[in-house]
Amino acid sequence: MTDPAALLSEVQSRIVQATKVAGRQGEEIALIAVSKTHPAERIAPLIAAGQRLFGENRVQEAAEKWPALREANPDIQLHLVGQLQSNKAEEAVALFDCIHSLDRPSLVTALTKAMDKADRRVPCFIQVNIGAEEQKGGCAIVDLPGLLAEARAGELPVIGLMCVPPLGIEPAPFFALLDKLAADHGLPGRSMGMSDDFATAIMLGATHVRVGSALFGARG
Ligand SMILES: *Cc1c(COP(=O)(O)O)cnc(C)c1O
């Protein structure tokens with residue numbers, strides 16, 4: 001099955017199924033179609049099928065692809081799901097409707113400055129290095145309270161937590177931990193779950209799932 005509209009409705013029905021199983025019927029789960037590496041020609045059919053929420057992981061790539069696509073579809077929402085360098089904060093604030101990768105104090109400073117300058121508040125998720133992996137993005141769990149306090153002091157709108165669990169092992173305990181951390185800090189959003197595990201993530205409280213290959217096919 002490679003028809004993008006068919007893949008979209010398949011993913012949507014699996015989301016509905018998971019919300020039912022979890023007793024979360026009626027709750028809105030945001031499906032972020034992660035279009036990184038895929039050209040505009042691959043994205044257009046999903047837009048035509050009604051998808052309006054997309055994710056990219058690099059500022060540069062998003063800046064090249066999305067202005068034209070959005071001009072034709074002004075109701076599209078674009079989320080940044082990849083790591084952000086502080087020197088790209090201004091560009092990110094101009095381009096994205098939500099940032100999922102706030103993970104360090106220097107980025108709080110850069111984003112606060114960029115949002116003040118643009119007079120635009122972009123909601124953020126704090127990315128947590130949930131598996132305490134060495135080369136992975138995200139703040140350490142012990143640093144989360146401090147980072148959240150800094151973001152709140154800078155009037156950065158933090159709406160939830162985001163994680164990418166370690167590869168190759170059962171993700172459920174990590175999703176459960178992120179859900180608990182979000183609850184402990186009074187944050188409503190949980191950005192967790194990708195193509196292979198979004199149903200599990202929804203059963204454990206995900207509010208935003210980030211799905212790439214299940215919608216677009218494998219990346220080249
Ligand atoms: C690429 C990516 C995704 C989507 O991954 P798939 O396995 O293709 O669904 C989700 N989140 C982040 C942060 C990504 O970089």
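**First stop: a loop with positive phi**

Select Thr37, in the loop between strand S1 (30–34) and H2. Helices (H or I, at least four residues) and strands (E, at least two) are DSSP runs, numbered from the N terminus. This is a predicted model: local features need pLDDT of at least 70, side-chain atom pairs count only at pLDDT 80 or more, and totals for chains, interfaces and linings use all residues. Residues are numbered from 1 along each chain as its sequence is written, and side-chain values use heavy atoms, with hydrogens and water left out.

Check the backbone of Thr37: phi is near 70 degrees, a positive value in a residue other than glycine. Most residues other than glycine have a negative phi. Thr37 has 47% relative accessibility and so counts as partly exposed. Buried means under 20% relative accessible area, exposed over 50%, partly exposed in between (1.4 Å probe, protein chains only).

Now go to Ala132, in the loop between strand S5 (124–127) and helix H6 (144–153). Its phi is also positive, near 50 degrees. Ala132 is exposed, at 69% relative accessibility.

**The core**

Select Phe54, Leu102, Leu111 and Ile126. They touch the most other members of the largest nonpolar core, which has 61 residues. Such a core is a set of buried Ala, Val, Leu, Ile, Met, Phe, Trp, Tyr and Cys residues joined through side-chain atoms within 4.5 Å. Helix H5 (residues 105–118) gives this core its largest share, six residues.

Center on Leu111. Which residues does Leu111 contact, leaving aside neighbours within four places in sequence? They are Leu84, Ala89, Val93, Ile99, Leu102, Cys124 and Leu156. Contact means heavy atoms within 4.5 Å. Another core, of five residues, lies apart; among them are Ala30, Ile32, Leu53 and Val81.

**The pocket**

Show the surface and find the largest pocket, with a volume of about 680 Å³. On a 1 Å grid over the protein atoms alone, a pocket is an open set of points where a 1.4 Å probe fits, with protein on both sides within 12 Å along at least five of seven lines; lining residues have an atom within 4 Å of a point. Grid points are joined across faces, edges and corners, and the volume is the space filled by probe spheres set on them.

Of the 26 lining residues, select Lys36, Val164, Leu167, Met194 and Arg210, the closest to the pocket centre.

Next, pick Ser191 in strand S7 (residues 189–191). Ser191 is buried, with a relative accessible area of 0%. Not counting residues up to four places away in sequence, Ser191 touches several residues, including His100, Cys163, His208 and Arg210.

**Salt bridges**

There are 13 salt bridges (a side-chain nitrogen of Lys or Arg within 4 Å of a carboxyl oxygen of Asp or Glu).

- Select Arg52 and Asp75: their side chains meet at 3.1 Å, N to O. Arg52 lies in the loop between helix H2 (40–48) and strand S2 (53–56), and Asp75 in the loop between helix H3 (59–72) and strand S3 (77–80), so the pair ties together parts 23 residues apart in sequence.
- Select Arg70 and Asp97: the closest N and O atoms are 2.6 Å apart. Both Arg70 and Asp97 are buried.
- Select Asp116 and Arg121: this salt bridge spans 2.8 Å, N to O.
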